[in-house]
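Please keep the sequence and the model at hand while reading.

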Amino acid sequence: MIIYRESVNSYERTSKLKLYLTLLAMTVILFACIAAGFIILPYKIPFEALLVVLIAFLFIAITRKRIIAYYYSLIDQNVIFEKAYRGKEIILFDILLKDVIMFKGFDPEKKASLEIDSRNFHNFSSKNDFEKKYILVFVKSGERHMIVFTPSKQLIDCMKAELQNTKLLIK
């Protein structure tokens, strides 16, 4: 039974500065290629083909990041993090609520005290708004993992209620 599910589009997660810097870099590369095209006149047709391929590659690289959506789901006794891309949904994490050690607001100063290995740290939030970030610490295969994400108020309430129903402490 699905208790709650929400979608987070990647463009909501991407900072505007990164987007503007990428577009600026694309523009500089485009003008550099056009200027080089005027210099290399005898090889103009192969160069224009290379320019088209380069522009197509950059367009795909930028739009690829922008058409990904993430889903946070609370189904029965599981918290599921999924990624959707090109119509395919890939489960990134399927966490049993009984494996959850901690679910609370994110505090950057206390992150180091949790002793989480960097390969077990997963950040699904690029926003710098620390008041809206939450951490979910859980145990999988004997190792602690931490997920930082920005859930909605409704998902927070549902998760707290389910965690209390499973008699886990919310620290």
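Is arginine 119 buried or exposed? Arginine 119 counts as exposed, because its relative accessibility is 56%; exposed means over 50% relative accessible area, buried under 20% and partly exposed in between, with a 1.4 Å probe and protein chains only.

## Basis of the report

This is a predicted model, in which local features need pLDDT of at least 70 and side-chain atom pairs count only at pLDDT 80 or more, while totals for chains, interfaces and linings use all residues. Residues are numbered from 1 along each chain as its sequence is written, and side-chain values use heavy atoms, with hydrogens and water left out.

The structure holds four salt bridges. A salt bridge is a side-chain nitrogen of Lys or Arg within 4 Å of a carboxyl oxygen of Asp or Glu. One of them joins glutamate 82 to arginine 5, with 3.4 Å between the closest N and O atoms. Glutamate 82 belongs to strand E3 and arginine 5 to strand E1 (residues 2-9), so this pair ties together parts that are 77 residues apart in sequence. Helices (H or I, at least four residues) and strands (E, at least two) are DSSP runs, numbered from the N terminus. Glutamate 82 is buried, at a relative accessible area of 10%, whereas arginine 5 is partly exposed, at 33%. A network of salt bridges links Arg5, Glu82 and Glu89.

Arginine 119 also takes part in a salt bridge, its side chain meeting that of glutamate 143 at 3.2 Å, N to O. Here too distant parts of the chain are linked: arginine 119 is in the loop between strand E5 (100-105) and strand E6 (121-123), glutamate 143 is in strand E8, and the two are 24 residues apart. Glutamate 143 is partly exposed, with 30% relative accessible area.

## A salt bridge within a helix

Aspartate 157 and lysine 153 form a salt bridge through their side chains (3.3 Å, N to O). Both residues are in helix H4 (residues 153-165); because they are four residues apart, about one helical turn separates them. Lysine 153 is exposed, at 61% relative accessible area, and aspartate 157 is partly exposed, at 38%.

## Asparagine 78 and its surroundings

Asparagine 78 lies in strand E3, which covers residues 78-85. Its relative accessible area is 19%, and asparagine 78 is therefore buried. The side chain of asparagine 78 makes a polar contact of 2.8 Å with the side chain of aspartate 94. A polar contact is a pair of N or O atoms within 3.5 Å; within protein, one must be able to donate a hydrogen and the other to accept it, and residues adjacent in sequence count only if both atoms are side-chain atoms.

Apart from neighbours within four places in sequence, asparagine 78 is in contact (heavy atoms within 4.5 Å) with Ser73, Asp94, Ile95, Leu96 and Leu97.

## Positive phi in two loops

Aspartate 76 is not a glycine, yet has a positive phi of about 50°. Aspartate 76 is placed in the loop between strand E2 (69-75) and E3 and is partly exposed, at 40% relative accessibility.

Serine 141, likewise a residue other than glycine, has a positive phi near 55°. The loop between strand E7 (134-140) and strand E8 (143-149) holds serine 141, which is exposed, with a relative accessible area of 74%.
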